[in-house]
Each structure stands twice: as C-alpha cells, then as structure tokens.
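Please keep the sequence and the three-dimensional view at hand while reading.

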Amino acid sequence: MNITRSGGLVAIALVGALALASCAANEGGTGSDTPSDLSGTLAGAGASSQGSAQEAWVAAFQTANPGITVDYDPSGSGAGREAFIAGGVAFAGTDSALKPEEIDGGFAGCVPDTGYIQVPAYISPIAVIFNVDGVEELNLDAATIAGIFKGDITTWDDPKIAALNEGTTLPSASITAVHRSDDSGTTKNFADYLSKVAPEVWDAEPADPFPYASGEAAQGTSGVVDAVTNGVNTIGYADASKAGDLGVAEIKVGDEFVAYSAEGAAAVVAESPAGDTAGDTDLSITLDRTTTDPSHYPLVLVSYIVTCVEFEDAEAAPLVKSYISYITSEEGQAEAAASAGAAPLSPEVSAQVATVLDTIVTG
Amino acid sequence: MRMTTAAASPKATLRPADRIFSGSTLLAGSLILVALAAVAIFLVAQSVPALTADPYELKGSPDSFWAYVGPLAFGSLWAAFLALVMALPLSYGIALFISHYAPRRLAQSLGYVVDLLAAVPSVVFGLWGIKVLAPAVTPLYGWLVENAGWFPLFSPPVSGTGRTILTVAIVLAVMIIPIITAVSREVFLQTPRLHEEAALALGATRWEMIRMAVIPFGRPGMISAAMLGLGRALGETMVVAMVLSPSPKLITIVLTGSQNPSTIAGNIALNFPEAHGIDVNGLIATGLILFAITLVINSVARVVINRRAAFSGAD
C-alpha cells in the first residue's frame with residue numbers, strides 16, 4: 001500500500017514538473033518567432049500605487065510584443081528607487097521625485113554622467129469618501145478635513161462643517177475617520193495636500209504612514225472603502241476610482257467646491273510648476289496644492305517613472321524606451337484609465353514626455 | 001510496553017524493509033528539527049541589524065526596539081487570550097457532546113462539520129469578519145459602550161465600524177474551535193471504558209461521571225488542544241490585517257474602541273510589502289519575539305501536561 005501510494009505521489013510530482021517545464025518551453029518558443037523585432041526581459045520595481053495600472057500595461061504591452069517579458073514588482077517607492085540606483089532594475093516607479101542626494105549619488109545601471117529620466121506616468125485623484133445617514137452631498141475645505149482626520153473635529157454637526165454646508169441637515173453623530181493601516185503613497189499625498197493648504201491644522205510631515213493616533217485604520221484602498229461603506233457616519237480617503245457608490249465630498253478650491261474629475265487632476269499636473277530637480281530629462285513637478293483655480297482638483301497622486309538616458313546594458317534601452325513610450329502614450333493612459341481608474345496625462349504633458357523619451361540612447 | 005520488549009529481544013532480525021522504514025522515520029524526525037533550527041537561525045541572523053541599530057531608524061522612531069515590539073506583543077497575547085476565553089468552553093462543550101451525549105449518527109456528522117470548519121482558509125474568515133461580523137456587532141458595541149461604558153473594557157468612544165480587537169478575537173475563536181474540538185474529542189473518546197462504568201456503577205450521574213472519569217483522564221490532552229489553538233491564534237495574520245483597525249504603539253484593554261493594539265503577525269503583514277532596508281530587519285525581529293513567545297508558552301504547557309499526567313489516573 002505504502003509503496004503504491006508514494007509511487008502515486010512521485011508520479012503526480014513528475015507530471016507536474018513535466019507540465020511546468022512544457023509551459024516554460026512554450027513561452028520560449030513563442031518568444032523566438034514573434035512579429036515584433038524586440039525581445040528580452042525588462043524588470044521594474046517601485047510604487048504600489050501604480051501596481052494595478054502596471055499590470056494592465058504589462059498585459060497589453062506583452063500582447064502587442066510577445067517577445068518581451070516585463071516584470072513590475074510593486075515593492076514600494078523607496079524600494080524601487082533603491083533598486084534602480086543600485087542597478088537592479090531598468091526602471092523604477094515612484095510616488096515622490098528623486099531626491100537631490102539620490103541623483104548626486106549616480107545610478108549603477110546607467111553610463112556614468114549621462115543623466116537620468118524622470119517622467120510622470122500615473123495620475124490618480126484621491127477622493128474624500130463618506131457614509132453619513134441622510135447626507136448626500138458634503139462640502140469640505142482642507143482645514144476641516146485635516147481637523148476631522150486629526151481628531152479635532154469629532155461630530156458631524158460641528159460648526160466648522162455646518163458653516164460649509166448650509167442647507168444640509170447634519171446628524172449630531174460622532175465621526176469615524178478611516179485612514180490606511182498600511183504604508184501608502186495615497187496617505188502621503190493626502191497629507192501633503194492638507195499640510196500645504198492647512199498647515200496650521202495638519203502639522204505633521206507628509207509620509208507614507210498615517211501620522212496621528214486618531215480615527216480608525218483599514219488595510220489597503222479596498223479596506224478603507226469597505227470600512228466606510230459598512231460603518232456608520234464614516235469618512236475616509238481613497239483612490240477616486242474605488243469610491244463606488246459612496247458619497248464623495250467636494251473640496252474647496254479658491255472660492256468654489258470642486259468634485260474630483262480626471263480633467264481636474266490632469267489640469268493641476270499640467271499647470272503645476274517644475275520641481276526642484278527638474279531639467280531637460282526630468283519632468284518632475286511640485287504639485288500646486290494651493291491652487292485657487294476651480295478647474296483644478298489638487299488632491300491628487302502623481303507617480304513617476306525613473307530610468308536611464310544611456311544604459312550600461314545597451315540591450316535594455318530599446319525595451320525600456322518602447323515600454324515607457326507605450327505607458328505614457330494616449331493608448332497606454334487610456335488603458336490605465338479603464339483598468340485602474342487613473343486620470344490620463346494631458347496631451348501637452350504626454351507630448352513633453354515623448355520628447356524626453358526620445359533622448360534614450362538606443363544605438 | 002510490548003514495543004520495548006521487542007526491541008530488547010536479541011533474536012529480532014532486522015529485515016531491509018525494517019531498516020528502510022526506521023531510517024525514514026528517523027529522517028522525518030530530524031528534518032523537523034533541522035527546519036526549526038533553520039527558522040531560528042534565519043530569524044536571529046536577520047534580527048541582529050535591527051536590534052543593534054539606532055532605534056530612531058526603525059519605523060515610527062521608537063525610543064528603543066522594545067518600545068516598538070512591546071505594544072505589538074501585548075496585542076498578540078491579548079487577542080489570542082480573548083479568543084481562547086471564548087473558544088475553550090465552547091470547544092470542550094462540543095467535544096463532550098460529540099463523545100458522550102450525542103447519538104452516534106449525529107455525533108459523526110457533527111464531527112465532520114467541525115472538521116470542515118477547520119478547512120476554511122483564513123482569508124475567507126477575514127472577509128467574513130470584515131463584511132458580515134463587523135457590521136453586525138457595531139450596534140451591539142454601541143449599546144455596550146452606552147450602558148456599560150463605566151466598565152474599563154467598554155470605555156467610550158465606540159468604534160463606528162466594529163473593526164475592533166473583540167471582533168478579531170471572535171473571528172479567531174471561530175477559527176480555533178475546530179482544532180481544539182477535534183483534539184479534545186479524540187482524548188475524551190480514549191477514556192477507559194472501565195473508569196466510566198465504574199463511576200456509573202457507583203451511582204454517579206452522567207455529568208459526575210464526566211467530571212470524575214473523563215475530564216481528569218483527558219486533562220493533558222485538553223491542555224495540548226488549548227495550546228494548539230493558542231498557537232494558531234497568536235500567529236494568525238490575515239484575519240488581523242484585514243479586520244483590525246490598528247493603532248501601533250498603543251496598549252489598551254478597551255474592546256470596543258476605534259484604536260486597538262496591533263499584533264505582531266498582523267503588523268508584519270501590513271508593513272512588509274512597502275518595507276525596505278532596516279525596517280525589514282525590524283519586522284523580522286518582531287517575528288523572532290513572537291517565535292520566542294510561542295516557544296515559552298508551549299514549554300510551560302508541556303511542563304503543566306507532564307505534571308498533570310501523573311495524576312490523570314491513566315494506565
């Protein structure tokens with residue numbers, strides 16, 4: 001009995017190994033006789049905010065170029081930048097632009113003194129979502145949002161909220177503010193907006209973890225959305241595409257209250273001033289959070305792609321160029337909008353990015 | 001007894017099958033030790049950088065590593081303790097019902113159902129906790145805080161989403177009931193028939209028979225079962241990460257509030273994906289602490305079991 005049984009196990013293991021091996025063989029086979037003239041493997045790592053967009057991009061790109069395999073490891077912005085600086089990946093996704101000291105240190109994967117490329121690739125508006133009995137619409141300004149999430153404003157009928165919402169009956173219930181329990185670029189951008197517009201209330205440095213010990217925490221965007229949906233008198237922040245049927249607060253920009261929109265998010269990115277490190281191949285921006293133009297929606301997350309101008313590994317260059325060109329193209333941005341709810345780059349920004357990507361040395 | 005006599009007999013001839021079999025059991029036995037040692041070495045080696053580094057480099061800039069891991073260790077023990085308090089009476093009750101009260105056919109199917117519960121993946125329990133249990137208990141928590149808010153466990157304010165440490169403990173209790181039930185049921189069934197019949201013959205009711213014959217005999221097994229359950233509750237990751245609303249660096253016994261102590265396993269699950277550099281070592285070091293805690297708890301349990309075994313009336 002025992003012998004036959006273990007024999008069976010061995011057989012199963014063998015069949016499994018053979019099946020896997022044949023899979024691998026198939027993949028190699030299709031790679032060699034592709035219509036595309038490019039082939040190889042491209043590795044990237046970085047921001048998890050880009051994760052679902054990258055999945056969609058990789059799927060679409062690999063379908064169009066069966067010879068190329070793209071791996072994107074959503075290990076976090078910091079880890080992605082570190083991996084790129086050390087030469088471990090050909091490109092990095094990051095929610096915050098490279099720091100000057102990181103640029104000065106040089107990049108192991110690039111030919112020395114040829115510079116680097118940093119372009120925006122992913123824009124996601126952040127929505128302030130709420131679930132309050134009998135309240136359909138809610139107007140908030142940055143100081144009030146900061147007060148709510150910091151724990152200073154604790155009931156929905158607080159005079160500060162009431163003053164912004166004349167004509168709306170707010171319940172006297174206590175507020176449950178839900179933030180992310182995991183580190184997140186969404187939290188960092190949310191905090192950055194609040195600390196720029198309402199620095200007198202939000203006195204913490206913007207960072208990936210939520211800074212205050214107040215309110216509730218939930219895991220991931222879906223966790224926050226779940227908690228807000230299933231809880232009572234709740235408020236939270238999440239990538240706008242995941243807001244679903246929840247109420248979404250309009251935030252005060254200038255003298256008006258503005259709901260999030262892809263156009264508003266793209267507009268603030270297009271019209272924000274260049275960042276501290278910006279240059280010919282660095283399109284980083286300092287988001288204009290304090291904009292007073294009501295066509296802008298300044299509560300937005302921008303994620304960059306960082307790569308080399310001239311690669312030490314010359315074979316990587318055409319792969320990187322074609323992939324990054326695809327994801328920042330109109331087609332790629334539409335793909336990210338459809339599958340990850342991103343706001344597409346405006347045509348002007350897209351054109352600027354294309355110009356920068358042309359500088360990648362592929363010869 | 002029979003085993004030792006056979007092994008001591010000088011005439012026993014060892015056939016190849018015997019050699020192979022004893023060799024492979026020896027291999028299996030030593031493999032588990034090797035695996036345990038490998039895990040311990042990995043944990044220690046990876047923890048050293050975090051333990052020796054300046055604590056300000058760790059996440060949240062704590063005063064020391066112990067200030068970082070302390071609240072997490074408390075949260076792990078607190079959640080597991082609460083789960084055990086809820087699960088133990090229920091599990092022993094179910095096990096006794098199956099072994100001594102239920103008609104045979106019902107007992108069998110009930111046993112299957114309980115075992116089936118053990119096969120549910122923890123991520124499913126997590127989803128159940130977040131989608132069903134948390135919204136369902138929110139009104140109850142509100143009532144508790146309103147009417148029993150003077151009691152330290154229920155001090156206000158109440159959580160608006162029900163995702164508290166008590167909810168986590170309830171889910172954990174449901175998860176550990178099958179394992180505790182299965183082990184204690186087996187132990188109760190092993191009670192020597194003679195002990196039971198002797199108790200009944202002396203005029204004991206069924207409850208007295210269980211108290212005098214079944215439970216004393218089964219006590220070491222009951223403790224082992226509880227330890228298995230405790231181990232699972234201490235190490236459970238997915239449910240805590242999904243359901244709990246954690247507030248790191250917090251030590252509190254409030255069961256119904258928005259801010260709850262996080263657990264070691266849950267904290268690793270939440271922070272590992274974005275961690276890099278020394279933070280990874282810091283998280284692994286908290287894992288080492290959890291490893292040490294479970295080791296201590298299991299050793300204590302082992303001592304208790306050994307001491308009790310002598311008085312169990314078995315053999």
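**Overview**

From the N terminus onward, the elements of chain B follow the order α-α-α-α-α-α-α-α-α-α-α. The model is a predicted one, in which local features need pLDDT of at least 70 and side-chain atom pairs count only at pLDDT 80 or more, while totals for chains, interfaces and linings use all residues. Residues are numbered from 1 along each chain as its sequence is written, chains are lettered from A and ligands numbered from 1 in the order in which they are written, and side-chain values use heavy atoms, with hydrogens and water left out.

**Chain B**

- Chain B has eleven helices and zero strands; helices (H or I, at least four residues) and strands (E, at least two) are DSSP runs, numbered from the N terminus.
- Along the principal axes, the C-alpha atoms of chain B fill a box of roughly 70 × 50 × 30 Å.
- Of the 315 residues in chain B, 44% are buried, a term for under 20% relative accessible area (1.4 Å probe, protein chains only).
- Contacts (heavy atoms within 4.5 Å) in chain B between residues at least 6 apart in sequence join residues at least 24 apart in 79% of cases.

**Interface of chain A and chain B**

- The contact takes 27 residues from chain A and 22 residues from chain B.
- The two chains bury about 1900 Å² between them, 44% of it on carbon and sulfur atoms; buried area is the accessible area (1.4 Å probe) that two parts lose on being put together, summed over both.
- On the side of chain A, Asp183(A), Glu216(A) and Gln219(A) lose the most area to chain B, together 28% of what that side buries.
- The interface holds two salt bridges, each a side-chain nitrogen of Lys or Arg within 4 Å of a carboxyl oxygen of Asp or Glu.
- Glu216(A) and Arg163(B) meet through their side chains in a salt bridge (2.9 Å, N to O).
- Helix 3 (77–85), strand 7 (216–218) and helix 8 (220–230) of chain A are the elements that give two or more residues to the side touching chain B.
- Helix 3 of chain A gives the most to that side, with four residues.

**Thr281(A)**

- Thr281(A) is found in the loop between helix 9 (262–271) and strand 12 (300–308) of chain A.
- Not counting residues up to four places away in sequence, Thr281(A) touches Tyr116(A), Ile117(A), Gln118(A), Val309(A), Val356(A) and Thr359(A).
- A polar atom of the Thr281(A) side chain lies 2.6 Å from the backbone oxygen of Tyr116(A).

Terms used:
Polar contact = N/O pair within 3.5 Å; in protein donor to acceptor, adjacent residues only side chain to side chain. Buried < 20%, exposed > 50% of the residue type's maximum accessible area, 1.4 Å probe, protein only.
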